[in-house]
Amino acid sequence: MTSTLSDLEHSWTEWHSLREEELRAPHGWLSLTALHWLTPEPATFDGIPGLWSATPDGVVITATAADDLVVRTVREPRRIDGTVTLHPVDGLPGTLVEMGGAVIEVVRRTDSHAIRVRDPEAVTRTAFSGVPTFPVDERWVLHARFEPYPEPRAITVDAVVEGLNHYLSAVGEVRFELDGQEHRLVATGGKAGGLSLHFRDATSGGSTYPGGRIVRTADPAPDGSLTLDLNRVVNLPCAFTDFATCPLPPAGNVLPVAVEAGERNPLRPDRV
């Protein structure tokens, strides 16, 4: 083993441990147990107290103090006793309503509203034993170049939920060479800086999730150069649960090669 590979594996192991720790969070993606789309007609759902509905103004919840539903707000938790209206923002994490040890996330996706339950006792979390990955390999650490668009471009992508769309801002393209061929991927801006590349490749639907995977990079250098480490390709939440609403890759973000790097298909204890 070369010193370079040893350093790469050590760095990757630390990163991967943090990644799995994040997945194990009590109310993280592995805790999802339900997804319910709301309509204007107030409705009840199994295991969830109160009446829930959606209007153009937001999500309306009617419950009594005995139902013990508590809205997490910026100032202080607020127990629902009567009717409240919440205003989740499209594409962002939802407003959280505490329900005992679980939380109900109130979300907006395009023009639709939904609630999903995050329960620390979900089998997808309690039986989680780690994310299967390909072996770390130096060949997947690539020199790349970012070519920014003159202005960010609004793009629309499909979602894993039929009929749902996600609206993203593409900031440019990343060029790199792999197996002697040049490839380009449309990049969006990362939430904490850097770039995000969501793509499919020849492993998608086989050893990896069919909806594609994501790799994130640091900010490009002033000349556009950057390092693309495909060992750090990760699954989207929808690979771990049936109750996520993940986007699909931008049109054209398909690599004809098999990227046997990063995360593989996760184990699904909820489907055993």
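Phe 134 is buried in this predicted model, because its relative accessible area is 9%, which falls under the 20% that marks the limit for that word. The residue is placed in the loop between α2, which covers residues 123-126, and β11, which covers residues 141-158. When its neighbours within four places in sequence are left aside, Phe 134 is in contact with Ser 207, Thr 208 and Arg 213, and also with the run Val 259, Glu 260, Ala 261, Gly 262, Glu 263 and Arg 264.

With a relative accessible area of 9%, His 16 is buried.

Helix α1, which spans residues 3-23, also holds Trp 12 and Trp 15. Which aromatic pairs does a search of the whole structure find? The search finds one aromatic pair, and Trp 12 and Trp 15 form it, with a distance of 6.3 Å centre to centre and an angle of 50 degrees between the planes. Such a pair is called tilted because planes under 30 degrees apart would count as stacked and planes over 60 degrees apart as edge-to-face. As for their places in the chain, the two residues are separated by about one helical turn, because they are three residues apart in helix α1. Are Trp 12 and Trp 15 buried or partly exposed? Trp 12 counts as buried at 11% relative accessibility, whereas Trp 15 counts as partly exposed at 22%.

Another tryptophan takes part in an arrangement with a charge, for the charged end of Arg 118 sits over the ring of Trp 29, 4.6 Å from its centre. Arg 118 belongs to strand β10, where it stands opposite Leu 32. Strand β10, made of residues 112-118, is mostly covered, as six of its seven residues are buried. Strands of a sheet pair through backbone hydrogen bonds, either parallel or antiparallel. Strand β1, with residues 32-37, is joined to β10 by five bridges, and these two strands run antiparallel. Strand β9, with residues 102-109, pairs with β10 over seven bridges, again in the antiparallel sense, and within this pairing Ile 104 stands opposite Val 117. The hairpin of β9 and β10 has two residues between the strands, and in this hairpin Thr 110 takes a positive phi near 60 degrees.

Four strands form an open sheet in the order β2-β3-β4-β7, with antiparallel pairing. At the edges stand β2, residues 43-45, and β7, residues 82-86, each of which has a single partner strand, so one side of each is left without a neighbour in the sheet. Neighbouring strands of this sheet are turned by 30 degrees against each other on average, direction ignored. The partner of β2 is reached through two bridges, which join β2 to the antiparallel strand β3, residues 48-55, and Ala 43 stands opposite Trp 52 in β3.

Asp 68, which lies in the loop between β4 (58-63) and β5 (69-71), has a positive phi of about 60 degrees although it is not a glycine. Asp 179, found in the loop between β12 (165-178) and β13 (181-189), likewise has a positive phi, of about 55 degrees, and is not a glycine. Asp 68 is partly exposed, with a relative accessible area of 34%, while Asp 179 counts as exposed at 52%.

The last topic is cysteine. A disulfide is a covalent bond between the sulfur atoms of two cysteines. How many disulfides are counted in this model? The count comes to zero disulfides, by a rule that asks for sulfur atoms within 2.5 Å of each other. Cys 238 is buried, with a relative accessible area of 6%, and Cys 246 is buried too, with a relative accessible area of 5%.

Note on methods
Residues numbered from 1 in each chain as written. Predicted model: local features only at pLDDT ≥ 70, side-chain atom pairs only at ≥ 80, totals over all residues. Heavy atoms only, no water. Phe/Tyr/Trp six-rings, centres within 6.5 Å; stacked < 30°, edge-to-face > 60°. Buried < 20%, exposed > 50% of the residue type's maximum accessible area, 1.4 Å probe, protein only. Lys NZ or Arg CZ within 6 Å of the ring centre and 35° of its normal. Pairing = 2+ DSSP bridges. Axes fitted to C-alpha atoms, helices over the stretch in contact; angles between N-to-C directions. Contact = heavy atoms within 4.5 Å.
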